[in-house]
Every structure is written in C-alpha cells, then in structure tokens.
Amino acid sequence: HSKSVSARRAACRAIVHVDLDCFYAQVEMIRNPELRDKPLGVQQKYIVVTCNYEARKRGVKKMMSVKDAKEKCPQLILVNGEDLTPYREMSYKVTELLGEFCSLVERLGFDENFVDITEIVEKRLNELQQSGCSRVCVSGHVYNNQAINLHDTTHVRLVIGSQIAEEFREAIHARLGLTGCAGVASNKLLSKLVSGTFKPNQQTVLLPESSQDLIRSLDHIQKVPGIGYKTAKRLETLGVRNVCDLQAFPSAVLEKELGVSIAQRIQKLSYGEDDSPVMPSGPPQSFSDEDSFKKCSSEVEVKEKIEELLPNLLDRVYTDGRQPHTVRLTIRRFSSTNKWFNRESRQCPIPPHLIQKFGKESSNVISPLVDILIKLFRKMIDVDLPFHLTLLGVCFSNLKDLPNSTKGSIGFYLKQMSPPSGSGK
C-alpha cells in the first residue's frame, strides 16, 4: 500500500529545472552592456569555457581552445573568467529569487536550479476547480508536440507547472536581467533532460506519455544524469552504449557486475524513473547589490547611491538571520580607451559594535556603514581629481550564525528544547 501511495505521489510531482543561458557570458554582458551584440567568450586558462550566442553563430563552441576559437571568429572578444566571484554572487541571487516563490530550491552548479513546485500547482489546481474553470493554456513548448488532455489531471498539473516556470523565467529576467531555459516534468531527471530541448530562452513541458521517447533519444548512456564517466565505461565493456541497451540488459547480470544498488538505480534511470527529492541547498555565502549608470562623478552622488543600495541589502541580511562580518565596496571607472571592465574592490571588517545592531536596528546601521564605505571609496579614488564611475556595488560577506545559536550557550540548548517551528527552515 505504502509503495502505491508513494508511486501516486511521485506521479503527481511537478518539478522545474531552470538552466540559465550561457551564464558566465550573460553575467559579463550585464557587467559591460557594450559587449551585448558582439561575439564574446569567457576564458579560463587556454579554454573558452562559455560564449554568447553571437559567438556561437560564428562557430565558437564551449570548451574550445582559445586558439581555435580565434581562428573560427577573429572578432571574438575574450574576457578573463578566472575570478568566479561575480558568477557566484549572481548565481546565489537567482537561487534566492526562486526561493521567494517556493522553499524547495536545489542549486546545481552556478547556472542550474531544481524547484519542486508540487504544492503551488496543487493550490492553483484547487482554485481552478473551485472556480469551475477547466481551461488552462500551456506556456512554451510541449515535448513531441503531444496533445494535452484536459481531462487528465496529470496533464493539467504539468500545464499549470509550465505557467509557473514562465513566471520564474520572467522574474529572473525582470529583476536580474538574465534569460534561461526551463523544463517541466514529474521528476528531476526528466525535467533536466527536457529543459534543453528548445534553446535559448525557451521552455518545454514533458507529458508522461512522451518520457520514453525523450529518454530513448539520448545517443549515449552518459547523457543520462546520474550515470557518470566510470559507470558509463564499465557499461560499455558490457556492450551497453545507449538507453535501449540498458533497458534491455538482464538485471541479474547487471547486479552481479555493478552491485545491486547501483544496478537498480541506473536501470530505473534508464526508464526515466527518479524519485530523488529536491534538496534545498545551503544558504548563500554573501549578499550583494549593485547599480550601474551612465555617470557618477561626485562624492555626494556616491554617498546617495550607497544609501539607495543599503536598505534592501540590510533587509536581505535580516531575513537570513546571520551576521555579516565583512563589507566590500566595488566600483567601475569609465574609460574610453580601455573597454575592459575597470572594476576595483576594497573590503574591511565590520566593527563589532555595529555587527550587534544588524537586524535589530537597521536604520541606525546605515549612517555608520555609509561612513565606512566612503572611507573604502577614498582608498580607490582621489576625490580631489575628476572621476567618472559607471557602477557601484556593496557586498556583505563572511556571514556567521548569531552567537546565541552556538553550541554550549544557554540559548542553543533552549533552542534545541523548543518545539520545531513550521517554517521548514
């Protein structure tokens, strides 16, 4: 009985996989809008780790050597992407934004997130049924152009899921300026596989009847998420090269070769079955916000910009509940000769007496923080000479739990004894 209940529950799940388009390149285009319509590659060592669609149109591919990429596209602009800080910070902003819709968000690398939207879908389905409305329209594509059956609640759930995925993508674009693809399906494996069907900046929903077509369309076993390089190599020695081979392979032989648990897991994956839950990821390592503009050329304006950035940032820190111990100011100078980003940063520890006030008296923190940030600013810019900035950013990092939650303190033990709250945190 419990198995059939969990099978039913699994069939009712709605999972969205959000995958940002050429993520590092997009971040660089946001940092320097002049790069938008030019072929752009992000370089680490001698490899182009990603490139924008302008570069792809001209034959540049991900993971190409810089030499080959330059031969393919002599106009290619390369940006050094070895400092991951801007990508990491943007990545956390995306996860944080998705977390505003739903608590079940799992990060996968910098540019992918799984979101379990089952509860939101259920709520909207009930609202639909109560309003007596049976009409729902799909957002984006349907895999295989499969017809939607509005009498099938599984179909209706996934169609509602496609509308929610569209809302995610719109919010990410409106608030962070990023585009991405999304896949909507009944589990993590299938949502990840279907999200890349139409690229860039599009989304696809997978109805259960088409899941076998999708999984069998993979030309190599290693394209199945969850089957790594080593397992794929061992399967190849057994003559298993694609999904159909794996589905047809005798279970007993596979279990003998790979062990029971691995064999059963990968055979389930080969049928598109995946009951792994969306596991909420850990909290972000920093909170940052920045503003770019045409020109800022006086200390008074700098102060105003910092004052504009702080309230929202302090709210985010307060909501998180940890205390930051470091503050950083980032600036970008304008330069007509050098189109590279002239970003500079300075950081310093936050004085302990100020740390205590975070969260409790945010408004009292703003003025002393502005003073600290202006001091950092003066370390980078001589305010007696003319200057022209096009960006200002503030970041709080080195986040630590509040002192009363440390083991050994009376607060910690009282917290341990108190009944669990329903927040799910």
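Guide: A cavity is a set of grid points where a 1.4 Å probe fits but cannot get out, and a residue lines such a space if it has an atom within 4 Å of a point. The model shown above is a predicted one.

Visitor: What makes a residue part of the lining of the largest cavity, and which residues are they?

Guide: A residue qualifies by having an atom within 4 Å of a point of the cavity, and those that line the largest cavity are Glu89, Tyr92, Lys93, Glu96, Ser286, Phe287, Ser288 and Arg316. Helix H5 gives the most to this lining, with 4 residues, while H5 and E11 each supply at least two.

Visitor: How many cavities of 30 Å³ or more does a search of the whole structure find, and how much space lies in the largest cavity?

Guide: The search finds 1 cavity of that size, and the largest cavity holds about 30 Å³ of space. By class, its lining is made up of 4 charged, 2 polar and 2 nonpolar residues.

Visitor: Why is the second largest pocket called a pocket and not a cavity?

Guide: A cavity is a set of points from which the probe cannot get out, whereas a pocket is an open set with protein on both sides within 12 Å along at least five of seven lines, so the name pocket marks a space that is open. The second largest pocket has a volume of about 1000 Å³. Of the 38 residues that line this pocket, Glu89, Lys93, Ser288, Glu290 and Arg343 are the closest to its centre. Helix H5 (residues 85-101) provides the largest share of this pocket's lining, 8 residues, and the lining as a whole divides into 16 charged, 14 nonpolar and 8 polar residues.

Visitor: How do you know that cysteine 51 is in no disulfide?

Guide: A disulfide is a pair of cysteine sulfur atoms within 2.5 Å, but the nearest cysteine sulfur to cysteine 51, that of cysteine 22, is 7.5 Å away, and cysteine 51 is therefore in no disulfide. The structure as a whole holds 0 disulfides.

Visitor: Are cysteine 51 and cysteine 102 buried or exposed, and why is serine 131 placed in its own class?

Guide: Cysteine 51 has 0% relative accessibility and cysteine 102 has 10%; buried means under 20%, so both count as buried. Serine 131 has 53% relative accessibility, and because exposed means over 50%, serine 131 counts as exposed. Serine 131 lies in the loop between helix H6 (118-130) and strand E8 (141-142), and its side chain reaches the backbone oxygen of leucine 128 at 2.8 Å.

Visitor: What makes strand E14 a partner of E11 and of E12?

Guide: Two strands pair if there are at least two bridges between them; 8 bridges join strand E11 (residues 286-296) to E14, and 10 bridges join strand E12 (residues 323-333) to E14, so both are pairs by this rule. E14 runs antiparallel to E11 and antiparallel to E12. Cysteine 296 has leucine 389 in E14 as its bridge partner, and threonine 330 stands opposite glycine 393 in E14. Strand E14 (residues 389-400) is mostly covered, with 10 of its 12 residues buried.

Visitor: Why are E4 and E5 called edge strands?

Guide: The open sheet of 4 strands has the order E4-E3-E2-E5, with mixed pairing, and strand E4 (64-65) and strand E5 (77-80) are its edge strands, since each pairs on one side only. Between them in that order, strand E2 (residues 40-44) and strand E3 (residues 47-51) run antiparallel and are joined by 4 bridges, and glutamine 43 stands opposite valine 48 in E3.

Definitions and conventions:
Residues are numbered from 1 along each chain as its sequence is written. This is a predicted model: local features need pLDDT of at least 70, side-chain atom pairs count only at pLDDT 80 or more; totals for chains, interfaces and linings use all residues. Side-chain values use heavy atoms; hydrogens and water are left out. Grid points are joined across faces, edges and corners, and a volume is the space filled by probe spheres set on the points. Ala, Val, Leu, Ile, Met, Phe, Trp, Tyr, Cys and Pro count as nonpolar, Asp, Glu, Lys and Arg as charged, and the others, Gly among them, as polar. Buried means under 20% relative accessible area, exposed over 50%, partly exposed in between (1.4 Å probe, protein chains only). A polar contact is a pair of N or O atoms within 3.5 Å; within protein, one must be able to donate a hydrogen and the other to accept it, and residues adjacent in sequence count only if both atoms are side-chain atoms.
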